[in-house]
Amino acid sequence: MTRRSSFNRCEALLALLGPEKVSLPSSSAYNASLASYFSLQSSAVHPACFVAPQTTGDVSAVVTSLTSDPEDPFDFAIRSGGHMWIPEASNVQGGVTIDLGALDSINLNADKTIVSIGPGALWDAVYAKLDPLGLSVAGGRIGGVGVGGLTVGGGLSYFGPQHGWTCDTASAFEVVLADGSVVTATEQDHTDLFHGLRGGGNNFGIVTRVDFSTFDQGPLWFATTYNPLSAIDDYAKIVANMTAADNYDNKASFIAGFGYSQAQGASVIANQLVYTKPVEDQVPRYYQDVIDLPSVYSNISVANMSTLATQGTALIPSGAARYMFATTTFEPTEAMIRGAFEVWNASVAGVNNISGLTWSLSMEMVPEGQYQPKADLNSLGLTNRKGTRAVILLTESWQRPEDDEHVYAAVAALVTALEDKARSLDAYDPYLYLNYAAPWQNPIASYGDDKVQSLRALRTRVDPTAVFTKRVPGGFKIPETTGATLIQVGRTETKRADGD
(Lines give C-alpha, C1' and ligand atoms only; values in the text may rest on other atoms or scores of the structure.)
Protein backbone atom coordinates (compact mmCIF):
# COMPACT_ATOMS: atom_id res chain seq x y z
CA MET A 1 0.00 0.00 0.00
CA THR A 2 1.67 3.24 -1.16
CA ARG A 3 1.26 6.67 0.36
CA ARG A 4 -0.37 7.77 -2.89
CA SER A 5 -2.97 4.97 -2.80
CA SER A 6 -3.69 5.80 0.84
CA PHE A 7 -4.28 9.43 -0.08
CA ASN A 8 -6.49 8.45 -3.02
CA ARG A 9 -8.61 6.17 -0.84
CA CYS A 10 -9.08 8.88 1.78
CA GLU A 11 -9.98 11.38 -0.96
CA ALA A 12 -12.59 8.93 -2.24
CA LEU A 13 -14.06 8.60 1.26
CA LEU A 14 -14.04 12.37 1.62
CA ALA A 15 -16.06 12.67 -1.58
CA LEU A 16 -18.40 9.88 -0.45
CA LEU A 17 -19.10 11.05 3.11
CA GLY A 18 -18.16 14.72 3.27
CA PRO A 19 -15.55 16.65 5.27
CA GLU A 20 -17.46 16.41 8.56
CA LYS A 21 -16.96 12.63 8.55
CA VAL A 22 -13.40 12.31 7.23
CA SER A 23 -10.39 13.95 8.88
CA LEU A 24 -6.97 14.20 7.26
CA PRO A 25 -3.55 14.61 8.90
CA SER A 26 -2.82 17.97 10.55
CA SER A 27 -6.52 18.82 10.89
CA SER A 28 -7.85 19.57 14.37
CA ALA A 29 -10.29 16.64 14.15
CA TYR A 30 -7.47 14.26 13.20
CA ASN A 31 -5.27 15.45 16.07
CA ALA A 32 -8.16 15.20 18.52
CA SER A 33 -8.79 11.60 17.44
CA LEU A 34 -5.13 10.68 18.01
CA ALA A 35 -5.11 12.33 21.43
CA SER A 36 -8.23 10.46 22.56
CA TYR A 37 -6.68 6.98 22.62
CA PHE A 38 -6.19 5.23 25.95
CA SER A 39 -2.49 4.41 25.56
CA LEU A 40 0.31 6.62 24.32
CA GLN A 41 1.40 3.72 22.11
CA SER A 42 -1.89 3.89 20.19
CA SER A 43 -1.69 7.67 19.83
CA ALA A 44 1.66 7.24 18.08
CA VAL A 45 0.03 5.31 15.20
CA HIS A 46 -0.89 7.67 12.36
CA PRO A 47 -3.54 6.54 9.87
CA ALA A 48 -3.92 8.11 6.45
CA CYS A 49 -7.28 9.41 7.68
CA PHE A 50 -9.94 8.94 10.31
CA VAL A 51 -13.47 8.18 9.15
CA ALA A 52 -16.31 8.93 11.58
CA PRO A 53 -19.54 7.33 10.29
CA GLN A 54 -22.73 8.61 11.89
CA THR A 55 -25.14 5.89 10.76
CA THR A 56 -25.12 2.21 9.93
CA GLY A 57 -25.54 3.26 6.31
CA ASP A 58 -22.32 5.25 6.55
CA VAL A 59 -20.48 2.20 7.90
CA SER A 60 -21.82 0.11 5.05
CA ALA A 61 -20.69 2.70 2.51
CA VAL A 62 -17.20 2.84 4.02
CA VAL A 63 -16.77 -0.94 4.03
CA THR A 64 -18.04 -1.17 0.46
CA SER A 65 -15.61 1.52 -0.64
CA LEU A 66 -12.63 -0.04 1.13
CA THR A 67 -13.27 -3.52 -0.27
CA SER A 68 -14.46 -2.58 -3.77
CA ASP A 69 -11.14 -3.17 -5.52
CA PRO A 70 -9.58 -6.57 -4.72
CA GLU A 71 -6.49 -5.55 -6.72
CA ASP A 72 -5.86 -2.64 -4.33
CA PRO A 73 -6.01 -4.14 -0.83
CA PHE A 74 -6.25 -1.47 1.81
CA ASP A 75 -5.79 -1.94 5.54
CA PHE A 76 -8.29 -0.47 7.95
CA ALA A 77 -8.95 -0.43 11.69
CA ILE A 78 -12.14 -0.41 13.73
CA ARG A 79 -12.37 1.71 16.85
CA SER A 80 -15.13 1.53 19.43
CA GLY A 81 -13.76 3.28 22.53
CA GLY A 82 -10.04 2.98 21.77
CA HIS A 83 -9.29 1.51 25.20
CA MET A 84 -7.08 -1.40 24.10
CA TRP A 85 -3.43 -0.50 24.72
CA ILE A 86 -2.00 -2.47 21.76
CA PRO A 87 -0.83 0.13 19.20
CA GLU A 88 -2.78 -1.18 16.18
CA ALA A 89 -5.69 -2.81 18.02
CA SER A 90 -7.99 0.04 16.97
CA ASN A 91 -5.72 2.17 14.80
CA VAL A 92 -3.61 1.47 11.71
CA GLN A 93 -0.45 3.06 10.39
CA GLY A 94 -1.06 4.54 6.93
CA GLY A 95 -4.51 2.99 6.55
CA VAL A 96 -8.05 4.10 7.34
CA THR A 97 -9.27 4.09 10.93
CA ILE A 98 -13.05 3.79 11.20
CA ASP A 99 -13.98 5.56 14.44
CA LEU A 100 -17.43 4.46 15.61
CA GLY A 101 -17.61 7.13 18.33
CA ALA A 102 -20.57 8.90 16.69
CA LEU A 103 -22.61 5.67 16.81
CA ASP A 104 -23.28 6.27 20.48
CA SER A 105 -27.08 6.15 20.77
CA ILE A 106 -28.65 4.66 23.93
CA ASN A 107 -32.34 3.89 23.43
CA LEU A 108 -34.74 1.96 25.63
CA ASN A 109 -37.73 0.06 24.24
CA ALA A 110 -41.25 0.87 25.43
CA ASP A 111 -41.26 -1.39 28.46
CA LYS A 112 -37.59 -0.62 29.31
CA THR A 113 -36.56 -4.29 29.18
CA ILE A 114 -34.15 -3.81 26.26
CA VAL A 115 -31.66 -1.03 25.67
CA SER A 116 -30.19 -0.61 22.19
CA ILE A 117 -26.69 0.86 22.28
CA GLY A 118 -24.30 2.00 19.57
CA PRO A 119 -20.79 0.50 19.71
CA GLY A 120 -19.19 3.91 20.17
CA ALA A 121 -21.10 4.64 23.38
CA LEU A 122 -18.97 4.55 26.52
CA TRP A 123 -20.12 2.61 29.55
CA ASP A 124 -20.19 5.63 31.85
CA ALA A 125 -22.67 7.28 29.46
CA VAL A 126 -24.79 4.11 29.43
CA TYR A 127 -25.00 4.10 33.22
CA ALA A 128 -25.74 7.84 33.32
CA LYS A 129 -28.81 7.09 31.17
CA LEU A 130 -29.95 4.03 33.14
CA ASP A 131 -29.14 4.97 36.75
CA PRO A 132 -31.94 7.56 37.12
CA LEU A 133 -34.42 4.90 35.95
CA GLY A 134 -33.28 2.34 38.53
CA LEU A 135 -31.98 0.11 35.73
CA SER A 136 -28.65 -1.30 34.62
CA VAL A 137 -26.95 -3.75 32.27
CA ALA A 138 -24.03 -6.14 32.76
CA GLY A 139 -21.55 -3.77 31.15
CA GLY A 140 -18.02 -2.53 31.73
CA ARG A 141 -16.69 -1.28 35.02
CA ILE A 142 -14.51 1.56 33.72
CA GLY A 143 -15.73 4.75 32.12
CA GLY A 144 -14.14 5.44 28.75
CA VAL A 145 -14.39 1.82 27.60
CA GLY A 146 -16.45 1.36 24.45
CA VAL A 147 -19.53 -0.85 24.32
CA GLY A 148 -18.60 -2.59 21.08
CA GLY A 149 -15.11 -3.82 21.88
CA LEU A 150 -15.87 -4.98 25.40
CA THR A 151 -18.90 -6.97 24.26
CA VAL A 152 -17.38 -8.90 21.35
CA GLY A 153 -14.42 -9.80 23.58
CA GLY A 154 -16.66 -11.38 26.24
CA GLY A 155 -17.06 -8.66 28.83
CA LEU A 156 -16.43 -8.73 32.58
CA SER A 157 -18.84 -6.78 34.77
CA TYR A 158 -19.69 -6.15 38.40
CA PHE A 159 -22.96 -7.90 37.55
CA GLY A 160 -21.31 -10.92 35.94
CA PRO A 161 -21.85 -13.36 38.82
CA GLN A 162 -25.60 -12.70 38.61
CA HIS A 163 -26.10 -12.15 34.87
CA GLY A 164 -23.11 -13.66 33.04
CA TRP A 165 -20.57 -12.28 30.60
CA THR A 166 -21.56 -8.99 28.96
CA CYS A 167 -21.82 -10.77 25.59
CA ASP A 168 -24.27 -13.31 27.07
CA THR A 169 -26.70 -10.53 27.97
CA ALA A 170 -26.84 -9.26 24.37
CA SER A 171 -30.06 -10.25 22.59
CA ALA A 172 -29.19 -8.86 19.14
CA PHE A 173 -26.24 -7.55 17.13
CA GLU A 174 -26.65 -5.34 14.07
CA VAL A 175 -23.61 -6.02 11.87
CA VAL A 176 -22.15 -4.68 8.64
CA LEU A 177 -20.55 -7.59 6.79
CA ALA A 178 -17.57 -7.54 4.44
CA ASP A 179 -19.76 -7.04 1.35
CA GLY A 180 -21.45 -4.02 2.92
CA SER A 181 -24.72 -5.81 3.67
CA VAL A 182 -26.40 -5.25 7.04
CA VAL A 183 -27.82 -8.13 9.07
CA THR A 184 -29.26 -8.47 12.56
CA ALA A 185 -28.03 -11.55 14.40
CA THR A 186 -30.23 -13.03 17.14
CA GLU A 187 -30.92 -16.42 18.64
CA GLN A 188 -33.45 -16.95 15.83
CA ASP A 189 -31.73 -15.32 12.82
CA HIS A 190 -28.08 -15.73 11.81
CA THR A 191 -27.69 -17.80 14.96
CA ASP A 192 -24.12 -18.83 14.18
CA LEU A 193 -23.11 -15.17 13.85
CA PHE A 194 -24.97 -14.32 17.07
CA HIS A 195 -23.02 -16.95 18.99
CA GLY A 196 -19.76 -16.14 17.18
CA LEU A 197 -19.87 -12.46 18.12
CA ARG A 198 -20.12 -13.47 21.76
CA GLY A 199 -16.37 -13.57 22.31
CA GLY A 200 -15.21 -13.89 18.68
CA GLY A 201 -13.85 -10.35 18.39
CA ASN A 202 -13.76 -8.36 15.16
CA ASN A 203 -13.42 -11.32 12.78
CA PHE A 204 -16.86 -11.20 11.16
CA GLY A 205 -17.93 -7.61 10.56
CA ILE A 206 -18.49 -4.24 12.18
CA VAL A 207 -21.11 -4.22 14.92
CA THR A 208 -23.25 -1.08 14.68
CA ARG A 209 -25.79 -1.78 17.44
CA VAL A 210 -26.13 -4.14 20.39
CA ASP A 211 -29.39 -4.84 22.24
CA PHE A 212 -28.97 -5.69 25.93
CA SER A 213 -31.40 -6.99 28.52
CA THR A 214 -31.87 -4.55 31.40
CA PHE A 215 -32.58 -5.34 35.06
CA ASP A 216 -33.57 -3.39 38.16
CA GLN A 217 -30.59 -1.95 39.98
CA GLY A 218 -29.96 0.64 42.67
CA PRO A 219 -26.69 1.83 44.21
CA LEU A 220 -23.88 -0.66 44.92
CA TRP A 221 -21.73 -1.13 48.01
CA PHE A 222 -18.10 -0.55 47.06
CA ALA A 223 -14.83 -0.79 48.98
CA THR A 224 -11.18 -0.35 48.12
CA THR A 225 -8.74 -1.71 50.69
CA TYR A 226 -4.97 -2.08 50.79
CA ASN A 227 -3.34 -4.59 53.13
CA PRO A 228 0.33 -4.97 54.08
CA LEU A 229 2.19 -7.82 52.37
CA SER A 230 2.66 -9.40 55.80
CA ALA A 231 -1.03 -10.40 55.71
CA ILE A 232 -0.57 -12.67 52.67
CA ASP A 233 -1.01 -16.02 54.45
CA ASP A 234 -4.31 -15.03 56.10
CA TYR A 235 -5.36 -13.26 52.92
CA ALA A 236 -4.80 -16.31 50.69
CA LYS A 237 -6.83 -18.48 53.06
CA ILE A 238 -9.72 -15.98 53.25
CA VAL A 239 -9.92 -15.37 49.50
CA ALA A 240 -9.78 -19.07 48.66
CA ASN A 241 -12.59 -19.76 51.11
CA MET A 242 -14.74 -16.90 49.78
CA THR A 243 -14.36 -17.93 46.17
CA ALA A 244 -14.97 -21.65 46.66
CA ALA A 245 -17.99 -22.74 44.64
CA ASP A 246 -20.11 -23.59 47.69
CA ASN A 247 -19.41 -20.24 49.33
CA TYR A 248 -19.60 -17.76 46.45
CA ASP A 249 -22.27 -15.07 46.83
CA ASN A 250 -23.44 -14.09 43.34
CA LYS A 251 -24.15 -10.53 44.48
CA ALA A 252 -20.40 -10.11 45.04
CA SER A 253 -17.88 -8.99 42.44
CA PHE A 254 -14.43 -9.43 43.90
CA ILE A 255 -11.08 -8.33 42.47
CA ALA A 256 -8.09 -9.33 44.58
CA GLY A 257 -4.45 -8.66 43.83
CA PHE A 258 -1.13 -6.97 44.39
CA GLY A 259 0.30 -3.64 43.35
CA TYR A 260 3.67 -1.88 43.31
CA SER A 261 4.31 1.85 42.78
CA GLN A 262 7.82 2.95 41.82
CA ALA A 263 7.03 6.53 42.82
CA GLN A 264 6.09 5.46 46.34
CA GLY A 265 8.58 2.62 46.56
CA ALA A 266 5.89 0.40 48.10
CA SER A 267 3.88 -2.75 47.43
CA VAL A 268 0.46 -3.66 48.84
CA ILE A 269 -2.26 -6.29 48.67
CA ALA A 270 -5.09 -4.51 46.85
CA ASN A 271 -8.80 -5.32 46.89
CA GLN A 272 -11.81 -4.00 45.03
CA LEU A 273 -14.98 -5.29 46.69
CA VAL A 274 -18.43 -4.76 45.20
CA TYR A 275 -21.83 -5.92 46.43
CA THR A 276 -24.76 -5.26 44.12
CA LYS A 277 -27.57 -5.41 46.73
CA PRO A 278 -26.34 -3.45 49.74
CA VAL A 279 -28.21 -2.96 53.00
CA GLU A 280 -27.57 0.74 53.52
CA ASP A 281 -23.85 1.18 54.24
CA GLN A 282 -23.34 -2.02 56.21
CA VAL A 283 -20.40 -4.24 55.32
CA PRO A 284 -21.81 -7.34 53.61
CA ARG A 285 -21.13 -10.40 55.73
CA TYR A 286 -19.48 -12.01 52.71
CA TYR A 287 -16.64 -9.45 52.85
CA GLN A 288 -16.25 -9.11 56.61
CA ASP A 289 -13.10 -11.25 56.87
CA VAL A 290 -11.33 -9.14 54.24
CA ILE A 291 -12.40 -5.90 55.91
CA ASP A 292 -11.09 -7.21 59.25
CA LEU A 293 -7.57 -7.76 57.92
CA PRO A 294 -4.93 -5.19 58.90
CA SER A 295 -5.08 -2.40 56.34
CA VAL A 296 -3.02 0.60 55.28
CA TYR A 297 -5.92 2.15 53.39
CA SER A 298 -9.68 1.63 53.30
CA ASN A 299 -12.46 3.50 51.56
CA ILE A 300 -16.09 2.33 51.66
CA SER A 301 -19.04 3.91 49.90
CA VAL A 302 -22.46 3.26 48.39
CA ALA A 303 -22.74 4.67 44.88
CA ASN A 304 -24.44 4.17 41.54
CA MET A 305 -22.71 2.65 38.51
CA SER A 306 -22.03 5.91 36.71
CA THR A 307 -20.15 7.17 39.78
CA LEU A 308 -18.15 3.95 40.10
CA ALA A 309 -17.32 3.93 36.38
CA THR A 310 -16.06 7.50 36.59
CA GLN A 311 -13.94 6.67 39.63
CA GLY A 312 -12.49 3.71 37.77
CA THR A 313 -11.41 5.97 34.93
CA ALA A 314 -9.35 8.05 37.34
CA LEU A 315 -7.31 4.98 38.33
CA ILE A 316 -6.09 4.35 34.77
CA PRO A 317 -6.57 7.68 32.98
CA SER A 318 -6.65 7.79 29.21
CA GLY A 319 -3.65 9.28 27.43
CA ALA A 320 -1.64 9.68 30.63
CA ALA A 321 0.89 6.86 30.29
CA ARG A 322 2.24 3.94 28.34
CA TYR A 323 0.21 0.87 29.24
CA MET A 324 0.35 -2.87 28.88
CA PHE A 325 -2.10 -5.66 29.71
CA ALA A 326 -1.58 -9.42 29.69
CA THR A 327 -3.60 -12.30 31.07
CA THR A 328 -3.77 -15.89 32.23
CA THR A 329 -6.34 -17.93 34.18
CA PHE A 330 -6.16 -20.24 37.17
CA GLU A 331 -8.21 -21.74 39.99
CA PRO A 332 -7.97 -19.47 43.07
CA THR A 333 -6.94 -22.11 45.60
CA GLU A 334 -5.13 -21.03 48.75
CA ALA A 335 -1.84 -22.46 47.46
CA MET A 336 -2.26 -20.77 44.06
CA ILE A 337 -3.07 -17.37 45.53
CA ARG A 338 0.01 -17.57 47.70
CA GLY A 339 2.04 -18.87 44.75
CA ALA A 340 0.83 -16.03 42.49
CA PHE A 341 1.89 -13.55 45.14
CA GLU A 342 5.34 -15.11 45.45
CA VAL A 343 5.88 -15.05 41.67
CA TRP A 344 4.58 -11.48 41.31
CA ASN A 345 6.57 -10.20 44.31
CA ALA A 346 9.78 -11.74 42.95
CA SER A 347 9.18 -9.99 39.60
CA VAL A 348 9.21 -6.50 41.15
CA ALA A 349 12.98 -6.53 41.57
CA GLY A 350 13.43 -6.69 37.81
CA VAL A 351 11.37 -3.55 37.11
CA ASN A 352 11.61 -1.35 40.19
CA ASN A 353 14.10 1.01 38.56
CA ILE A 354 11.68 2.00 35.76
CA SER A 355 10.60 5.60 36.24
CA GLY A 356 6.91 6.11 37.02
CA LEU A 357 6.13 2.39 36.91
CA THR A 358 3.02 0.84 38.42
CA TRP A 359 3.10 -2.97 38.38
CA SER A 360 -0.07 -4.80 39.33
CA LEU A 361 -1.68 -8.22 39.23
CA SER A 362 -5.46 -8.48 39.61
CA MET A 363 -7.35 -11.72 40.18
CA GLU A 364 -10.84 -11.14 38.83
CA MET A 365 -13.11 -13.85 40.22
CA VAL A 366 -15.43 -15.56 37.72
CA PRO A 367 -17.74 -18.04 39.48
CA GLU A 368 -19.29 -21.03 37.75
CA GLY A 369 -22.68 -19.28 37.74
CA GLN A 370 -21.20 -16.60 35.50
CA TYR A 371 -19.54 -18.65 32.78
CA GLN A 372 -21.47 -21.94 32.75
CA PRO A 373 -25.21 -21.21 32.08
CA LYS A 374 -24.69 -19.95 28.50
CA ALA A 375 -21.39 -21.65 27.73
CA ASP A 376 -22.98 -23.46 24.77
CA LEU A 377 -24.28 -20.17 23.36
CA ASN A 378 -21.03 -18.20 23.07
CA SER A 379 -17.54 -18.65 21.65
CA LEU A 380 -15.54 -18.76 24.88
CA GLY A 381 -15.13 -22.51 25.16
CA LEU A 382 -15.82 -22.87 28.89
CA THR A 383 -18.34 -25.71 28.76
CA ASN A 384 -16.19 -28.28 30.54
CA ARG A 385 -15.29 -26.30 33.68
CA LYS A 386 -16.57 -26.37 37.23
CA GLY A 387 -15.82 -24.05 40.11
CA THR A 388 -14.54 -20.49 40.30
CA ARG A 389 -11.82 -19.22 37.99
CA ALA A 390 -9.56 -16.22 38.51
CA VAL A 391 -9.05 -14.29 35.28
CA ILE A 392 -5.72 -12.55 35.76
CA LEU A 393 -5.10 -9.02 34.55
CA LEU A 394 -1.55 -7.72 34.59
CA THR A 395 -1.79 -3.92 34.33
CA GLU A 396 1.46 -2.04 33.94
CA SER A 397 2.01 1.64 33.26
CA TRP A 398 5.15 3.73 32.77
CA GLN A 399 6.26 6.95 31.10
CA ARG A 400 9.31 6.55 28.85
CA PRO A 401 9.20 4.81 25.46
CA GLU A 402 12.80 3.66 25.98
CA ASP A 403 11.47 1.36 28.75
CA ASP A 404 8.95 -0.36 26.47
CA GLU A 405 10.97 -3.46 25.62
CA HIS A 406 12.06 -3.92 29.22
CA VAL A 407 8.44 -3.88 30.41
CA TYR A 408 7.18 -6.10 27.58
CA ALA A 409 9.83 -8.74 28.31
CA ALA A 410 9.24 -8.61 32.06
CA VAL A 411 5.49 -9.08 31.60
CA ALA A 412 6.03 -12.07 29.30
CA ALA A 413 8.36 -13.61 31.87
CA LEU A 414 5.81 -13.01 34.62
CA VAL A 415 3.04 -14.72 32.63
CA THR A 416 5.30 -17.74 32.03
CA ALA A 417 6.19 -17.94 35.71
CA LEU A 418 2.54 -17.68 36.79
CA GLU A 419 1.49 -20.42 34.38
CA ASP A 420 4.36 -22.67 35.46
CA LYS A 421 3.33 -22.16 39.09
CA ALA A 422 -0.32 -22.90 38.26
CA ARG A 423 0.60 -26.12 36.48
CA SER A 424 2.73 -27.24 39.40
CA LEU A 425 -0.22 -26.70 41.76
CA ASP A 426 -2.89 -28.31 39.49
CA ALA A 427 -4.58 -24.91 39.19
CA TYR A 428 -3.85 -23.99 35.55
CA ASP A 429 -6.60 -23.16 33.07
CA PRO A 430 -5.70 -22.43 29.41
CA TYR A 431 -8.52 -19.90 28.88
CA LEU A 432 -7.30 -16.42 27.90
CA TYR A 433 -9.69 -13.49 28.20
CA LEU A 434 -9.46 -11.68 24.86
CA ASN A 435 -9.86 -8.13 26.18
CA TYR A 436 -6.83 -8.52 28.46
CA ALA A 437 -4.56 -10.50 26.14
CA ALA A 438 -1.11 -9.31 25.05
CA PRO A 439 -0.18 -9.33 21.34
CA TRP A 440 1.85 -12.54 21.70
CA GLN A 441 -1.04 -14.40 23.32
CA ASN A 442 -3.66 -16.36 21.36
CA PRO A 443 -7.00 -16.04 23.15
CA ILE A 444 -9.22 -17.51 20.43
CA ALA A 445 -7.02 -20.62 20.24
CA SER A 446 -7.62 -21.01 23.99
CA TYR A 447 -11.34 -21.53 23.32
CA GLY A 448 -10.59 -25.07 22.11
CA ASP A 449 -10.71 -27.01 18.84
CA ASP A 450 -14.49 -27.26 18.58
CA LYS A 451 -15.07 -23.53 19.03
CA VAL A 452 -12.22 -22.62 16.68
CA GLN A 453 -13.62 -24.87 13.96
CA SER A 454 -17.08 -23.34 14.39
CA LEU A 455 -15.65 -19.83 14.17
CA ARG A 456 -13.75 -20.75 10.99
CA ALA A 457 -16.92 -22.09 9.41
CA LEU A 458 -18.77 -18.90 10.38
CA ARG A 459 -16.02 -16.72 8.88
CA THR A 460 -16.21 -18.69 5.63
CA ARG A 461 -19.95 -18.01 5.45
CA VAL A 462 -20.05 -14.31 6.31
CA ASP A 463 -16.61 -13.20 5.09
CA PRO A 464 -15.51 -15.65 2.36
CA THR A 465 -12.58 -13.49 1.24
CA ALA A 466 -11.41 -12.98 4.86
CA VAL A 467 -11.55 -9.18 4.71
CA PHE A 468 -11.65 -8.82 8.49
CA THR A 469 -8.81 -11.31 8.85
CA LYS A 470 -6.44 -10.01 6.17
CA ARG A 471 -7.32 -6.34 5.86
CA VAL A 472 -7.85 -5.48 9.54
CA PRO A 473 -4.47 -5.92 11.29
CA GLY A 474 -5.88 -5.19 14.74
CA GLY A 475 -7.69 -7.68 16.95
CA PHE A 476 -7.06 -11.33 17.67
CA LYS A 477 -7.63 -13.61 14.68
CA ILE A 478 -9.05 -17.10 14.37
CA PRO A 479 -6.21 -19.66 14.21
CA GLU A 480 -5.79 -21.26 10.81
CA THR A 481 -4.79 -24.64 12.28
CA THR A 482 -5.86 -26.61 15.32
CA GLY A 483 -4.00 -29.21 17.28
CA ALA A 484 -4.75 -31.79 19.89
CA THR A 485 -2.42 -30.64 22.62
CA LEU A 486 -3.66 -31.92 25.95
CA ILE A 487 -3.64 -29.22 28.59
CA GLN A 488 -4.43 -29.88 32.20
CA VAL A 489 -7.29 -27.67 33.44
CA GLY A 490 -6.99 -27.80 37.19
CA ARG A 491 -7.53 -31.48 37.86
CA THR A 492 -9.14 -32.29 34.52
CA GLU A 493 -7.78 -32.46 30.98
CA THR A 494 -9.05 -30.66 27.92
CA LYS A 495 -7.91 -30.07 24.35
CA ARG A 496 -6.51 -26.70 23.45
CA ALA A 497 -6.32 -25.34 19.91
CA ASP A 498 -2.79 -24.38 18.90
CA GLY A 499 -2.76 -21.76 16.17
CA ASP A 500 -0.08 -20.28 13.97
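Predicted model: local features only at pLDDT ≥ 70, side-chain atom pairs only at ≥ 80, totals over all residues.
## Helices H9 and H12

The crossing in which H9 passes H12 is right-handed. On the side of H9, the contact is formed by Ile 232, Asp 233, Ala 236, Lys 237, Val 239 and Ala 240; on the side of H12, Glu 334, Ile 337, Arg 338 and Phe 341 take part. Sorted by class, this contact of H9 with H12 contains 6 nonpolar and 4 charged residues, with no polar residues.

## Helices H12 and H14

Helix H12 (residues 334–347) also packs against H14, at an angle of about 155° and with the axes 10 Å apart. H12 and H14 are therefore roughly antiparallel to each other. Their crossing is right-handed.

From H12, the residues Met 336, Gly 339, Ala 340, Glu 342, Val 343, Trp 344 and Ser 347 meet Leu 414, Ala 417, Leu 418, Lys 421 and Ala 422 of H14. The contact of H12 with H14 comprises 8 nonpolar, 2 polar and 2 charged residues.

## Helices H5 and H11

Helix H5 (residues 123–130) and helix H11 (residues 305–315) form another packed pair, with an angle of about 160° and axes 8 Å apart. This angle makes H5 roughly antiparallel to H11. H5 passes H11 in a left-handed crossing.

In this pair, Asp 124, Tyr 127 and Ala 128 of H5 are in contact with H11 through Met 305, Ser 306 and Ala 309. The residues of the contact of H5 with H11 fall into 4 nonpolar, 1 polar and 1 charged.

## The nonpolar cores

The largest nonpolar core has 123 residues, and the members that touch the most others are Trp 165, Phe 254, Trp 359 and Met 363. Helix H14 (residues 404–424) supplies the largest share of this core, 8 residues.

Which residues are in contact with Met 363, leaving aside its neighbours within four places in sequence? They are Phe 254, Ile 255, Ala 256, Gly 257, Phe 258, Phe 330, Ile 337, Ala 390, Val 391 and Ile 392. Among them, Phe 254 is also named with Met 363 as one of the core members that touch the most others, and Ile 337 belongs to the H12 side of the contact with H9.

## Two buried residues

Asp 211 is located in strand E10 (residues 206–213). Is Asp 211 buried or exposed? Its relative accessible area is 11%, and a residue counts as buried when this value is under 20%, so Asp 211 is buried. Not counting residues up to four places away in sequence, Asp 211 touches Ile 114, Val 115, Ser 116, Thr 169, Ala 170, Ser 171 and Ala 172. Asp 211 and Ser 171 are 40 residues apart along the chain, while their C-alpha atoms are separated by 5.5 Å.

Ser 65 belongs to helix H4 (residues 56–66). Ser 65 is likewise buried, with a relative accessible area of 17%. With residues up to four places away in sequence not counted, Ser 65 touches Arg 9, Leu 13 and Leu 16.

Methods. Residues numbered from 1 in each chain as written. Heavy atoms only, no water. Axes fitted to C-alpha atoms, helices over the stretch in contact; angles between N-to-C directions. Helix = DSSP H or I, 4+ residues; strand = E, 2+ residues; numbered from the N terminus. Parallel < 35°, antiparallel > 145°, perpendicular 65-115°, else oblique. Left-handed = near helix turned anticlockwise from the far one by under 90°. Contact = heavy atoms within 4.5 Å. Nonpolar A, V, L, I, M, F, W, Y, C, P; charged D, E, K, R; others polar. Core = buried A, V, L, I, M, F, W, Y, C linked by side-chain atoms within 4.5 Å. Buried < 20%, exposed > 50% of the residue type's maximum accessible area, 1.4 Å probe, protein only.
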